[in-house]
Amino acid sequence: MDKRDVVIVGAGHGGAQAAIALRQLGFVGSIAVIGNEPELPYERPPLSKEYFAGDKTFERILIRPAAFWAERHVDMLLSTEVTAVDAKAKRLSFANGGRLDYGALIWATGGTPRKLTCSGHDLKGVHAVRTRADVLKMMDELPAVTQVVIIGGGYIGLEAAAVLRKFGKRVVLLEALDRVLARVAGPELSRFYEAEHRAHGVDLRTSVRVECIEEKDGRVTGVRLAGGEIVTADMVIVGIGIIPAVEPLIAAGAQGSNGVTVDEFCRTSLPDVYAIGDCAAHANGFADGATIRLESVQNANDQATTAAKAITGNLEPYTAAPWFWSNQYALKLQTVGLSIGFDRTVLRGDSATRSFSVVYLKNGHVIALDCVNAVKDYVQGKKLVETRAEIDLKLLADAAKPLKELTLPAS
Amino acid sequence: MPKLIVIGRSGAEKEVEASSGLSVMENLRNAGFDEVLALCGGCCSCATCHVYVEHGPTEARVPGSDDENSLLDSSDHRRADSRLSCQLILTDALGELIVRIAPGD
């Protein structure tokens with residue numbers, strides 16, 4: 001039976017970094033990376049930004065050039081779907097009938113886009129934004145498209161809207177909740193982004209329920225809303241989150257419900273099986289120890305390093321501060337920390353100037369910052385988040401005062 | 001063609017086949033320097049592609065924008081010749097650059 005000392009399932013940011021980190025740490029055993037797409041590891045964030053906009057070629061978003069993986073003796077098994085894990089025999093089975101044994105397994109599969117459940121969800125012209133293939137399909141159809149309906153006001157939907165407006169497409173964005181970015185940010189930021197998108201010509205609607213997708217000859221023609229209105233659409237983009245791709249691991253007995261559960265060293269409940277990135281449910285200190293999944297490049301990358309260290313005998317817990325970014329129009333949003341559970345916000349600066357920050361507090365402690373065109377606040381705010389600083393709210397609100405100059409009150 | 005000489009974290013020096021029009025970060029990545037993370041992919045949103053430009057014209061040795069300058073401030077290893085390599089586009093006009101990869105933060 002074919003075997004590798006470490007098998008990494010998933011060729012995204014996490015999987016790629018796990019292989020890189022293992023070699024950097026001096027690991028000399030055999031490594032295979034299994035990807036279900038035909039491509040070598042590539043950056044996913046540009047899929048809804050620079051790559052979709054045609055500003056960057058695919059070659060430029062490869063995480064590493066092809067020669068890199070060969071030089072580091074990392075075997076890339078692409079277009080390969082893992083269907084089953086035998087945790088006792090330490091064996092993987094593939095959809096193509098192949099099998100591979102592992103010494104240690106790193107599960108880095110991320111997730112699959114959540115689909116609508118209504119009729120018409122799988123029509124021609126209905127798209128998700130998760131893979132290069134998804135984006136190529138959209139780019140292929142775009143020349144014939146006049147109006148796009150985007151379902152979901154998260155980062156993916158908003159970023160796609162910004163690109164489509166640049167292309168001159170008419171864009172209707174539908175959000176089920178009463179504000180965009182509701183899952184990840186406070187109302188101030190939501191209202192700001194809603195206003196920006198509307199100013200750029202997006203017909204942005206909140207508290208809207210989608211009834212079904214309308215069709216003609218198997219192709220999307222519109223989106224029917226609760227209440228009966230039909231919004232015309234030549235293309236529909238669905239950005240309503242992901243479902244962690246962990247079925248084979250759960251079927252093999254790993255603990256987990258929303259994702260697979262890991263400890264601070266990214267170990268699952270199965271022997272020598274690790275999980276990292278979007279699919280790994282972990283207790284996060286920046287969420288008061290709550291078990292969460294983080295869907296971000298930072299998390300995928302840092303957990304990959306944690307798992308690689310554990311495999312090479314260096315147990316170092318995962319404690320990295322979460323950070324995120326999103327580029328829309330000329331707005332650079334940078335986030336540090338997790339705002340989940342905040343009970344108060346402080347605005348630094350004036351959102352009318354398009355350069356401001358929202359500081360999130362919980363029980364008087366800084367837990368996160370959303371910084372729009374405010375890189376200084378992002379950089380200097382990180383320390384406040386890491387130390388959960390308690391700062392006088394008036395000082396915090398004074399945008400003229402650099403965050404690094406705000407000292408902790410005597411306690 | 002611009003000339004790019006890179007000193008890795010191990011101290012080893014290597015002249016790489018440099019491509020004009022690409023950033024120094026992309027050139028480093030293409031040349032196999034795995035210590036450059038460049039997590040945000042080159043959109044000036046993190047500081048994980050930090051280098052020192054130890055030799056080159058002045059315009060290559062100072063930050064290209066306030067944003068870049070602020071992000072460099074997040075590093076404990078900031079120097080006067082610090083750059084985010086994703087923000088330094090290689091051109092023939094730059095001549096020869098010697099770039100040292102900064103320690104990780």
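This report walks through the sheets, the core, the chain contact and a few loop residues of a predicted model.

## Ground rules

Residues are numbered from 1 along each chain as its sequence is written, and chains are lettered from A, with ligands numbered from 1, in the order in which they are written. Because the model is predicted, local features need pLDDT of at least 70 and side-chain atom pairs count only at pLDDT 80 or more, while totals for chains, interfaces and linings use all residues.

Helices (H or I, at least four residues) and strands (E, at least two) are DSSP runs, numbered from the N terminus. Two strands pair if DSSP finds at least two bridges between them.

## The parallel sheet in chain A

Chain A has an open sheet of five strands in the order E8-E15-E9-E10-E11, with parallel pairing. The edges are taken by E8 (126-127) and E11, each with a single partner strand, so one side of each has no neighbour in the sheet. At the E8 end, two bridges link E8(A) to E15 (residues 235-238) in the parallel sense, and A:Val126 has A:Val236 as its bridge partner.

Further along, E9 (residues 147-151) and E10(A) pair in the parallel sense over five bridges, with A:Ile151 partnered by A:Leu174. The chain gets from E9(A) to E10(A) through H4(A), a right-handed β-α-β crossover (with the strands pointing away from the viewer, the path from the first strand over the helix to the second runs clockwise). Then E10(A) is joined to E11 (residues 203-205) by three bridges, also running parallel, and here A:Val172 stands opposite A:Asp203. The crossover from E10(A) to E11(A) goes through helix H5 (residues 187-199) and is right-handed.

How enclosed is strand E10 of chain A by the rest of the structure? Four of the five residues of E10 (residues 170-174) are buried, so the strand is largely enclosed. Buried here calls for 20 or more other C-beta atoms within 10 Å of a residue's own, exposed for 12 or fewer, and partly exposed is in between, with C-beta atoms placed from the backbone.

## The nonpolar core

The largest nonpolar core has 157 residues; such a core is a set of buried Ala, Val, Leu, Ile, Met, Phe, Trp, Tyr and Cys residues joined through C-beta atoms within 7 Å. Among those with the most contacts inside it are A:Ile8, A:Trp107, A:Val236 and A:Tyr274. Helix H4 (residues 155-166) of chain A gives the largest share, eight residues.

For a close-up, take A:Ile8: leaving out residues up to four places away in sequence, its contacts include A:Ala18, A:Ile31, A:Val33 and A:Ile106. A contact means C-beta atoms, placed from the backbone, within 7 Å.

## The mixed sheet in chain B

Chain B also has a five-strand open sheet, ordered E2-E1-E5-E3-E4, but with mixed pairing. Its edge strands, E2 (13-16) and E4 (82-84), each pair on one side only.

E1 (residues 3-7) is joined to E2(B) by four bridges and runs antiparallel to it, with B:Val6 opposite B:Lys14. E1(B) and E5 (residues 96-101) pair in the parallel sense over five bridges, and there B:Leu4 stands opposite B:Leu97. E3 (residues 50-55) and E5(B) are antiparallel, joined by four bridges, one pair being B:Val51 opposite B:Ile101.

## Where the chains meet

How many residues of chain B are in contact with chain A? The count is 16 residues of chain B, in contact with 22 residues of chain A. Helix H1 (24-30) and helix H3 (66-72) of chain B are the elements that give two or more residues to this side of chain B.

By class, that side has five nonpolar, six polar and five charged residues. Nonpolar covers Ala, Val, Leu, Ile, Met, Phe, Trp, Tyr, Cys and Pro, charged covers Asp, Glu, Lys and Arg, and polar the others, Gly among them.

## Loop residues to look at

Most residues other than glycine have a negative phi. A:Ser207, in the loop between E11 and E12 (210-216) of chain A, has a positive phi near 50°. A:Ser207 is exposed, with 10 other C-beta atoms within 10 Å. A:Asn373 has a positive phi of about 45° and sits in the loop between E25 (365-372) and H8 (375-386) of chain A. With 18 C-beta neighbours inside 10 Å, A:Asn373 counts as partly exposed.

A:Ala89 is in the loop between E4 (82-86) and E5 (91-94) of chain A and counts as exposed, with 11 C-beta neighbours inside 10 Å. The C-alpha atoms of A:Ala89 and A:Asp101 are separated by 7.8 Å, with the two residues twelve apart along the chain.

Terms used
Contact = placed C-beta atoms within 7 Å.
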